[in-house]
Amino acid sequence: MKATIWHNPACGTSRKTLAILQETPGIELTIIEYLKQPYTADKLRQLFAAAGLAARDALRLRGTDAEERGLKDASEDAIIAAMAANPAYVERPIVRTDKGVRLCRPQDVVREIL
C-alpha cells in the first residue's frame, strides 16, 4: 500500500505517526517535509476534501499567529491562501493512503487508513 505523510520532524505527533507507518508491513512510504516543500492551495483543497475537513478544521493555532491574523474566523479561501503562503498554519500530520486521507491527531488515527 502506498502512503504519503506531510511531516514536520519537529512535531512529536508527526514523528509518532511516521513511526507507525514505518513499522507497518507493506507500506511504500513517501515523506514530504511540508515546511521545506510547501503545499499548494489546490493540494490543500484536495486533501481536505478527501479527509472531509474544512480548512478551519486543519488550521494550526498553537504556536502560530493565525488567530491574531484573524484566520480563525476567515473564509475557507482566505485560510487556504494563508496555509499555502505559510505551511506552519497547517495542523500536522496529514496522511494519505490508498484507503483515504486523515489529519492524524492523535497519531493512532492513521490506523483508520492502513
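Predicted model: local features only at pLDDT ≥ 70, side-chain atom pairs only at ≥ 80, totals over all residues.
Local features need pLDDT of at least 70 and side-chain atom pairs count only at pLDDT 80 or more, while totals for chains, interfaces and linings use all residues. Residues are numbered from 1 along each chain as its sequence is written, and side-chain values use heavy atoms, with hydrogens and water left out.

To start with the sheet, 4 strands line up in the order β2-β1-β3-β4, giving an open sheet with mixed pairing. Strands here are DSSP runs of E, at least two residues long, and helices are runs of H or I of at least four, both numbered from the N terminus; two strands pair if DSSP finds at least two bridges between them. At the edges sit β2 and β4 (100-103), each pairing on one side only. From one strand to the next, the twist averages 15 degrees. Strand β3 (residues 94-97) and β4 run antiparallel and are joined by 4 bridges, and V95 stands opposite R102 in β4.

Now for the rings. The whole structure holds 2 aromatic pairs, counted when ring centres of Phe, Tyr or Trp (its six-membered ring) lie within 6.5 Å, with planes under 30 degrees apart called stacked, over 60 edge-to-face and the rest tilted. W6 and Y39 are stacked, at 6.3 Å centre to centre and 25 degrees between the planes. W6 belongs to strand β1 (residues 2-7) and Y39 to the loop between β2 (28-33) and α2 (41-51), so this pair ties together parts 33 residues apart in sequence. Y34 and Y39 make a tilted pair, 5.4 Å centre to centre with 35 degrees between the planes. W6 is buried at 4% relative accessibility, where buried means under 20% relative accessible area, exposed over 50% and partly exposed in between (1.4 Å probe, protein chains only). Both Y34 and Y39 are buried too.

On the charged side, the count comes to 8 salt bridges, each a side-chain nitrogen of Lys or Arg within 4 Å of a carboxyl oxygen of Asp or Glu. One of them joins D77 and R45 (3.3 Å, N to O). That pair links distant parts of the chain, with D77 in helix α3 (residues 76-85) and R45 in helix α2, 32 residues apart. D42 joins R45 and D77 in a network of salt bridges. Another salt bridge is E91 with R105, at 3.4 Å, N to O. E91 is buried at 14%, whereas R105 is partly exposed at 30%.

Note on methods. Axes fitted to C-alpha atoms, helices over the stretch in contact; angles between N-to-C directions.
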